[in-house]
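Please open the model in your viewer and keep the selection tool at hand. The tour below moves from stop to stop, saying what to select and what is found there.

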Amino acid sequence: MTKKMSWLISLLVLASLLLSACAGAAAPAAPAAAPAEETAVATEEAAAEAAATEAAPAEAAASDPNALPRNETLYSNGQQWGPVVGWNPYSNSNNNAMAIAQQDNARVIMFETPYLYNMLDGMVYPLLADGDFQWNDDRTEITFKLKPAAKWSDGTPVTADDVAYTWATHVKYSTPTGAANMDFIEDIMAVDPQTVVVKAKLDDAGKAVNPLLVSAYLSNNYVIQKAWTQALEERVAGDATQLLADPAEDVVYSGPYHKYFADDSKVVYVRDDNYWGQDASMWGKLPAPKYLAHTIFKDNAAGTTALQAGEVDVSQQFNSNVQDLWLKDNLPISTYLPEAPYNIGASLPTAFFNLKSPGLDNPAVRKAIAIAVDYPTIIANAMTNQSATFEQAPRSLMNPTAGEQAMYDHDAVADLQWVGNDIEGAKKLLDDAGIVDSDGDGWRELDGKKLSYIATCPNGWSDWQAAIEVVAAAGKEIGIEITSQFPEWSVYQTVVTKSDTPLPEGYDIFMMWSDGAGPTQPWGRIRKLMSSEFVGMASNWNGNWGQYSNPDADKLIAAIPGETDPAKLKELYTELVKIYLTDIPSFTLMYRPQSFHTVNESVWTNYPHDADGTNPPVPPEPDGRLEHRRSLQRRTGQPVSKLTATTIPHTPCGGWLLVAIARRQLVKGYARYFGKKSMWFLITLVAAFILNFFLPRLMPGDPVAAIVARLAQGMTNTTGVQAIYEQYSELFGTNKPMHEQFILYVRNVLRGDFGFSFSQYPRTVADVIGSSIWWTIGLQLPAIVVGWILGNILGVLAAYRKSGFDKALMPASLFVSNIPPFGMAVILLVIFGVMLRWFPTSGGYGFDMIPNYSWEFAKSVLWHYQLPFWTLVLIIIGGQAIGMRSMAIYELNADYVGYARLWASKTARSSPTYFGTQCCHR
């Protein structure tokens, strides 16, 4: 390779890198604010100490808006999976875990609620509110006041009008929050600038329909500024669909942090130094980190690697065998609890029975399966001991927190409990019920039919899959055939959440989650596990997916929200636990932390942990013809296009005629070649066009149902869910006949309108493509060019030199070219990323950088670029070298090469004219 060629390739690679690095790298927004969670805040002393040791670099970095000073930035992972879609607090489709998580626990860093819920003690504490809320004597109205110090990010006060207008907007546009609460809340009014009254919806007896859900609204739903909401309404012209789809980049907020930067690799929040929470009536100071950065990893393994390297400070993902990080690796890493289960288990991944499957309508069969399951193995293997055992927290409808465990009478249900792996007990239970193996095939029968079931959970959910395999193994031990299957989540969730039809074959035993901690718990969890109100819902994202129905349980569930006597509440909960442990409509397989709290103290220290004294406690190729024409040009000294009959000596053979004919044939040949290529290109384009439309629509699952299921989380109003479904079916056009959808699709694509993304709604397809295309070009184009050049050179050398070089290159090329790209990526990653640690294992640039036009950023991209680049280059080299070697060997044995060699012989060189004239005279 010549020096010029080397420089050309280097410039091409660098240009592509800079182009890809800077594409979409808008300048960050001006600093603003949002609340830091107490689980992630270090002390001021720690920040001061870090600042003292790094004063000079930190000061320099702080002036650079593209840098994230390490001693001012707290990094986390495990909450944000995939890029943020929007910042709209009225919508549930933002995929914005740190800023918008409006569920049973709405604690985030950007938007604030009147009250905060603490999962450790089950209490709520004032946030925007000033003091506790008060019920009236009839428990039909709640009154609370707002803190006078509470301010919006634009400096205006948070008022009761904001609270009231937020509710009115939810109702007016039938947002998910409005649809979920309008059956329980009649109205929310502003009495004066600081006083809010929440009126409960009343039943026929004049009592609140559900006081528990009314009070929960105050800690589950954000207050949104009235003025900004009105601006949003004007922008979308009052269209409900557009209001929910608006990305709300200009949203006004009240929390301590706001958006600083977001792309496909990270989301960064910056502190608002004017945050009202530093007032003495609230926190009294600002959060310690200036920036909160959440790196978006593709899987848990990448996140764990970053945690080990100190690139993540707070990990809220599942880290397998987390104790090894400090016991074996001696890293400054710890968890909220010092011993197993290491974190607070609040979520209950549950196996549901399809009560319509033959045999599973029999409680004896259900209980036999449940008590035979080896739960210690699930906890040890699937959860690597990051779950409380059922000896520590006896099986019930409660999570393991002390507050919930105290809400039922343990002794009253002790004889109904089981801890698992009771094979003999399960066999006896089945035998006593007359469910035996009568034909000797090893499987029990009921009513003459073999008990055979399929246990299912989503593919790729490794801990759930491991648990389901243990369930299947338990069935074999007691004579019940249970096999496992793992469909993709897109299909699985569509099937499971459709409760208005029987579950299809393959869903006899299946896993779903249950509610974690929250102000409505444990009532909300019990309701979603056992209430028959969810049976018949077309889009059921709530619970009771096995479609269990028990009138007694329904009555108890209905009575709890209006009960205020603690003793009576304990009786009601105890009765529900008895029904659950007797009927067994479902059974919990493990306790899973609602939030993992694994911290690396190499940069930030003083994280909250169990018993730390805080009160309240803090949770956690060349053409031969062209070559000949160039040779002709060199001999005549004229461009080929200007050659005429007079420039070629006339011979008796009529050389001018031969040249004219050759030219004409050449033109025809090119026309045929490019004509065929164009035809096949058009055929391929049309085929891809058609397949791109029909394949997603012919696959199992309903993408609109998936969106609606996400939007309708927590909704029990069937009419409201159906209205949202119809709204989005109209938006995506899935309510039209297939041929009309295709015509509309073609028309829109020809206009350059690719519509909204199903998977990342409300982002448009053009936006999704635009955010990734330059990174793809920047990686693929240089890799293809370098791989093509190097592969061709190696292939030619192998064909020309042969011997040892060819013997080594050929098998190596065959081997490399047959490795799939992801396989080569894993090999290089393990060797150069994990073992040698020469290159980073994830990301497109430094975790502490913001994309910008600078040499420092280009170097970071180049460093991260190496492993993916050489993964592609090596595979391209292998395939190209094989092809070029074969072509070169063929050409070296061609007649024209033999003729050229003969031409180059001494005899040929001594009389070139002889050969030319004799050729014609023959």
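Rings of Phe, Tyr and Trp (its six-membered ring) count as a pair if their centres lie within 6.5 Å, with planes under 30 degrees apart called stacked, over 60 edge-to-face and the rest tilted. With that in mind, select Trp 461, Trp 464, Trp 489, Tyr 492, Tyr 507, Trp 513 and Trp 541, which together form one aromatic cluster.

Before going further, note that this is a predicted model, in which local features need pLDDT of at least 70 and side-chain atom pairs count only at pLDDT 80 or more, while totals for chains, interfaces and linings use all residues. Residues are numbered from 1 along each chain as its sequence is written, and side-chain values use heavy atoms, with hydrogens and water left out.

**The whole chain**

Colour by secondary structure and the chain shows 31 helices and 22 strands, where helices (H or I, at least four residues) and strands (E, at least two) are DSSP runs numbered from the N terminus. Of its 922 residues, 47% count as buried, a term that stands for under 20% relative accessible area, against over 50% for exposed and partly exposed in between (1.4 Å probe, protein chains only).

**Aromatic pairs**

The structure holds 28 aromatic pairs. Select Phe 318 and Phe 596, an edge-to-face pair at 5.9 Å centre to centre with 65° between the planes. This pair links distant parts of the chain, 278 residues apart, with Phe 318 in the loop between β11 (314–315) and α10 (324–327) and Phe 596 in the loop between β21 (592–593) and β22 (598–600); both residues are buried. Next take Tyr 375 and Phe 390, whose ring centres are 5.3 Å apart and whose planes stand at 70°, so that this pair is edge-to-face. Here Tyr 375 belongs to helix α12 (residues 375–382), and Phe 390 to the loop between α12 and α13 (402–405).

**The nonpolar cores**

A nonpolar core is a set of buried Ala, Val, Leu, Ile, Met, Phe, Trp, Tyr and Cys residues joined through side-chain atoms within 4.5 Å. In the largest one, of 146 residues, select Phe 144, Val 365, Ile 369, Met 530, Phe 587 and Leu 589, which touch the most other members. Helix α19 (residues 566–583) gives the most to this core, with eight residues. Centre on Met 530 and, leaving aside neighbours within four places in sequence, look for its contacts (heavy atoms within 4.5 Å), among them Leu 397, Tyr 548, Ile 557, Leu 576 and Tyr 580. Apart from this core lies another, of 14 residues, including Leu 68, Tyr 75, Tyr 260 and Val 270.

**Backbone stops**

Most residues other than glycine have a negative phi, and most peptide bonds are trans. Which form does the peptide bond from Ala 340 to Pro 341 take? This bond is cis, with omega near 15°, and Pro 341 sits in the loop between β12 (333–335) and β13 (345–347). Tyr 342, in the loop between β12 and β13, has a positive phi near 75° and counts as buried at 8% relative accessibility. Move on to Gln 521 and Pro 522, which are joined by a cis peptide bond with omega about 5°; the loop that holds Pro 522 runs between β19 (509–512) and α17 (523–530). Asn 95 also has a positive phi, near 45°, and is partly exposed, with a relative accessible area of 37%.

**Last stop**

Finish at helix α27 (residues 821–835), where Met 835 is found, a residue exposed with a relative accessible area of 62%.
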